[in-house]
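The entries follow the order in which I consulted it.

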Amino acid sequence: MRTGGGALAMARGPGRPLGLCLLLPPLLLLLLLAGAASADAEEPGAGGAGRRWPDMQQRLREAAALCRRYWTLLSCRVWPEDCEEDAARPGWSLPLLGQQYLDILVTWYHRFLEGDGDHINDLSGLETDLRLRLHGQHLARELVPRAVRRHLEQPRPRRALALAFHGGSGTGKNFVAGMLAERLFRAGLRSPCVQVLIATLHFPHPQHLDRYKELLARQIRGTQGRCGQTLFIFDEAEKLHPGLLEALRPHLERQQHGAPGDPDSIFLFLSNLGGSAISDTVLQLLRAGLAREDITLEHLEPRLQAEMAADGGFGQSALVRARLVDLFVPFLPLEAPHVQRCALDACRARGLACGDAALRELAAALVSVPREQPRFSAQGCKSVSQRLSYLSP
């Protein structure tokens, strides 16, 4: 599914649960019988329950057509984000009994296969993952779990939580988004309550903006309708059309208690925007003698905000101007020790025995900026896995 900007979308399987497929024949038969009974009752001159059609083959054809119609409506009810607009309005109405059976099936599917039971909210596990698996990002390690915990511990949040991750390529933005999905939902990125949307993959053509806005709204409503808690991840957010960002505004604005909508949602915006400003500021602070772990959000925020203000896309979007993004999390450029730890993690994941000298060699090869006195890895940890095969024995 995914072609760039991290590996999040690859974890989302397109298939539907097998259990539903196995249950559809008897359930659709119930719907069919209900629809046929209602149709017999409404047809003038019907001869009662014992009336037979003279042509059984024609009746079977009509029954198959009715079954296909029920399936179309059912699939649009269960997976509205995948439903074509014309299919969602087939131009016919269900008999009352058939509608009741359909409602029961949809409710059962949402609750037991895709519903509220999927979220686990293991915040302690999230903190542990960030501490042990995320390297060189002390600000993200501190800010992200605090913001998520504060949001989830509210008994009735008035609005969704929106976080923006900013930094260069390979610094861990997608990695942290994946950790959030893993620790908030039992199925992680495969959960139907987690949606990963990539600007260049899902919304590539500006001329189709109106269609994209309609599909995006349908996908958000559908996900929120079947899940008590949701996570939406927008990758390459700096490439989202301003019109799409404007369309997200109603989903992030404060809701009155009892108003329609689902404020128990988290929106993540992952962006390379601000990466150069963050790197320049970190380099200046390190050269001035400040320890990396002593760099604070206050050190980085002015330059980050200035670079965002100069951007005509996400930085100037309605979401940012209306202060609907709760927190901008900077991801710092990675130095050789951080890349070395990433390489060690990759070696362990593959069951390889990588020596210290080989790990230092790999890290040194990736540290290339600034050119006059290299200190940072231009691609962070992104290319570490691909380079493992070139390590010295």
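The entries below go from the whole chain to single residues.

**Entry 1. Confidence**

I noted at the outset that this is a predicted model. I looked up the pLDDT and found an average of 81 for the protein chain, with 68% of the residues at 70 or above.

**Entry 2. Whole chain**

I counted 16 helices and seven strands in the protein chain. Of its 393 residues, 46% are buried.

**Entry 3. Nonpolar cores**

Which residues touch the most other members of the largest nonpolar core? I found Val-148, Phe-165, Phe-267, Leu-268, Phe-269 and Phe-314, in a core of 74 residues. Helix α6, residues 138-152, gives this core its largest share, namely seven residues. Apart from this core lies another of 14 residues, including Cys-342, Ala-346, Leu-359 and Leu-366.

**Entry 4. Helix α6**

I next examined α6 itself. The helix has 15 residues and spans 22 Å from first to last C-alpha, close to the expected 21 Å. I listed its buried residues as His-138, Leu-139, Ala-140, Leu-143, Val-144, Pro-145, Ala-147, Val-148, His-151 and Leu-152. The buried residues of α6 pack against helices α5, α7 and α12 and against strands β1, β4 and β5. For Val-148, with neighbours within four places in sequence set aside, I found contacts with Leu-123, Leu-161, Leu-163, Leu-180, Leu-184 and Ile-266.

β1 is mostly covered, with seven of its seven residues buried. Leu-161, Leu-163, Phe-165 and Gly-167 point one way from β1, while Ala-162, Ala-164 and His-166 point the other way.

How does β1 pair with β4, parallel or antiparallel? I found that the two strands run parallel and are joined by six bridges. Ala-164 stands opposite Phe-269 of β4.

I found parallel pairing between β1 and β5 as well, over five bridges. Within this pairing, Phe-165 has Val-329 as its bridge partner, and Gly-167 has Phe-331.

I then checked the cover of β5, residues 327-331. Five of its five residues are buried, so the strand is largely enclosed by the rest of the structure. Leu-327, Val-329 and Phe-331 point one way from β5, and Phe-328 and Pro-330 point the other way.

**Entry 5. Gly-380**

I looked up Gly-380 in the loop between β7 and α16. Is Gly-380 buried or exposed? Its relative accessible area is 1%, so Gly-380 counts as buried. Gly-380 and Ser-169 are 211 residues apart in sequence, yet their C-alpha atoms are 6.2 Å apart in space. With neighbours within four places set aside, Gly-380 is in contact with Ser-169, Gly-170, Leu-334, Val-339 and Leu-366.

**Entry 6. Backbone geometry**

- The peptide bond from Val-369 to Pro-370 is cis, with omega near -10°. Pro-370 lies in the loop between β6 and β7.
- Glu-236 has a positive phi, near 55°, and lies in the loop between β3 and α10. Its relative accessible area is 11%, so Glu-236 is buried.
- Arg-323 likewise has a positive phi, near 55°, and is found in the loop between α13 and β5. Its relative accessibility is 72%, so Arg-323 counts as exposed.

I thus recorded Glu-236 as buried and Arg-323 as exposed.

How values were computed:
Residues are numbered from 1 along each chain as its sequence is written. This is a predicted model: local features need pLDDT of at least 70, side-chain atom pairs count only at pLDDT 80 or more; totals for chains, interfaces and linings use all residues. Side-chain values use heavy atoms; hydrogens and water are left out. A nonpolar core is a set of buried Ala, Val, Leu, Ile, Met, Phe, Trp, Tyr and Cys residues joined through side-chain atoms within 4.5 Å. Buried means under 20% relative accessible area, exposed over 50%, partly exposed in between (1.4 Å probe, protein chains only). Helices (H or I, at least four residues) and strands (E, at least two) are DSSP runs, numbered from the N terminus. Contact means heavy atoms within 4.5 Å. Two strands pair if DSSP finds at least two bridges between them. pLDDT is the predictor's confidence in each residue, from 0 to 100. The expected span of a helix is 1.5 Å times one less than its number of residues.
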